[in-house]
Amino acid sequence: MPGIVIVGAQWGDEGKGKVVDLMAERADAVVRFQGGNNAGHTIVRGDETFKFHLIPSGILYPATRCVIGNGVVIDPKVLTDEIDHLRDRGVDVSGLRVSANAHLIMPYHLLLDTAGETRLGKAEIGTTRRGIGPAYADKAARLGIRVQDLLDEKILKKKITAALYPKALSLRPYERDPSLDLQSMTEEYLTYGHRLEQYIADTSRLAWDSLDAGRLVIFEGAQGALLDIDHGTYPFVTSSNPVAGAACVGAGVGPRDIDEAWGVAKAYVTRVGAGPFPTELDDDTGEMIRTRGGEFGTTTGRARRTGWLDLVALRYAARINGLTHVAITKLDVLSGFERVKVCTRYRGAEGAQFEDFPYHQTVLHQSVGEYVELEGWEEDLGTCRSEADLPRAARAYLDFVADWIDVPIALVGVGPGRDQIIWLGRDAPTVAAA
Ligand code: GDP
Ligand code: IMO
Ligand code: MG
């Protein structure tokens, strides 16, 4: 102990990478527990920017073990490329460990993801097309290929054959695609197996060993609560569970091993891909937030949809994650607005009002935000390092948010840099004492 889980509290891209990097310095291990290379986590360190898709955001600390847990779906090409890229930049990746039980993204998953989106046409989900959904579907159908299968040619071939058989129909248009050739696919994946063998481990045991020794373990989430396949805006979600509870399953630890659940939220909201977004701003203000916040996807480069902070959704995220702390990032992006709005209620069709996140999809699709207007601030926040440095209106904004969701804000981001943060002293985090 302690175990701290860090999750996205909105629709992803909240700045989880930066928060995990901050905490990782004191951690014995950082464990990614779900998602795959649909994630894009950015860390800015001095003049250097790192973008991670699969490797946990603690890798920049040589003493911190970085674990890809069993709940992650791994594209081995992406992983080996990421390892090579980091090595080229002088980062020591010897502390990386990959769960033998994690499932693999196969070439046919990529094709099926694209085929599925094409079939949906205008109703597409807007996936990252990285094969995430089809890989998790195969896991549930017990047709998945796992990391450990890479180490045995006979088993690998047998499992690929079994997995490909029921897909033959959907993949007919790609029949001649070279990536589907059984022999070359097996050989390619065996090569990945040789490359990754040194990293493969019983990662559940590793996490337990650290926790048992009383060391800090960070469980790193990808995506965000509203993209959760059970609790998010289904079907416009990802195919895993980004909520805090999933850290146990995806890392192989028990609920008692998690001491704190940190939710990361921007001071406004963004979303990539399709689906309901009650506070979306389809106007100049939305464009201004996008430009100032640099809101373009880390993974796909797509422009992110933008909107005012949604406290109905954030309060919901606080509840389903059992959040003990919140980190508010990108407060600096809101500088220069005369008034800033926060959504405290939804208005549905025919004027119905909702203070709680609606469980029914139709209601959510029809909902728009109702807002409280707060005083804005002009000052650039990039150099603020303590609560006292913040303009009064920015402090009032944070107080309003914390009161509304009833979770303390422990950390505030005022820029992408490592040092551009404010720890809110009134709630010194466990990590500071670890
Ligand atoms: P993640 O997927 O949750 O890790 O977030 P992303 O890395 O996809 O997107 C967050 C972006 O915001 C990155 O480009 C970060 O460098 C940047 N960022 C993080 N915190 C702050 C902050 O407090 N202020 C500003 N301006 N940028 C930030
Ligand atoms: P990080 O970890 C933002 C979105 C996609 C799409 C939906 C389903 O960087 O916060 P998928 O490829 O997962 O089947 O796509 O989920 N999505 C993300 N949006 N940040 C992410 O990750 C995302 N990962 C997936 O845009 O709407
Ligand atoms: Mg991201």
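Entry 1, ligand 1. I looked up the polar neighbours of ligand 1 and noted that one of its oxygen atoms is 3.4 Å from a polar backbone atom of Val414. I count such a polar contact when two N or O atoms lie within 3.5 Å; within protein, one atom must be able to donate a hydrogen and the other to accept it, and residues adjacent in sequence count only if both atoms are side-chain atoms. The model is predicted: local features need pLDDT of at least 70 and side-chain atom pairs pLDDT 80 or more, whereas totals for chains, interfaces and linings use all residues. Residues are numbered from 1 along each chain as its sequence is written, chains are lettered from A and ligands numbered from 1 in the order written, and side-chain values use heavy atoms, without hydrogens and water.

An oxygen atom of ligand 1 also lies 2.6 Å from a polar side-chain atom of Thr42, and a backbone N or O atom of Glu14 is 3.1 Å from an oxygen atom of this ligand. Taken alone, ligand 1 exposes 580 Å², of which the protein buries 91%; areas follow the Shrake-Rupley method with a 1.4 Å probe, and for residues only the protein chains shown count as cover. I found 20 residues around ligand 1, with Gly15, Lys16, Gly40, Thr42 and Asp332 nearest; a residue is near a molecule or strand if one of its heavy atoms lies within 4 Å of it.

An oxygen atom of ligand 2 lies 2.8 Å from a polar side-chain atom of Asn38, and an oxygen atom lies 2.6 Å from a polar side-chain atom of Thr238. A polar backbone atom of Val272 is 3.0 Å from an oxygen atom of ligand 2. On its own, ligand 2 has 550 Å² of accessible area, and the protein covers 98% of that.

I placed Thr238 in the loop between β10 (217-220) and α8 (246-251); helices (H or I, at least four residues) and strands (E, at least two) are DSSP runs, numbered from the N terminus. Thr238 is buried, at a relative accessible area of 10%; buried means under 20%, exposed over 50% and partly exposed in between, with a 1.4 Å probe and protein chains only. Its side chain makes a polar contact of 3.2 Å with the side chain of Asn38.

I located Gly126 in the loop between α3 (107-120) and α4 (132-140). Gly126 counts as buried, at 12% relative accessibility. From Gly126 to Asn70 I noted 56 residues in sequence and 26 Å in space, C-alpha to C-alpha.

Why is helix α10 (residues 311-321) largely enclosed by the rest of the structure? Eight of its 11 residues are buried, so the helix is largely enclosed. The buried residues are Leu311, Val312, Ala313, Leu314, Tyr316, Ala317, Ala318 and Asn321. Asp310 caps the N-terminal end of α10, with a side-chain oxygen 3.0 Å from the backbone nitrogen of Val312. Just after the helix, Gly322 takes a positive phi of about 60°.
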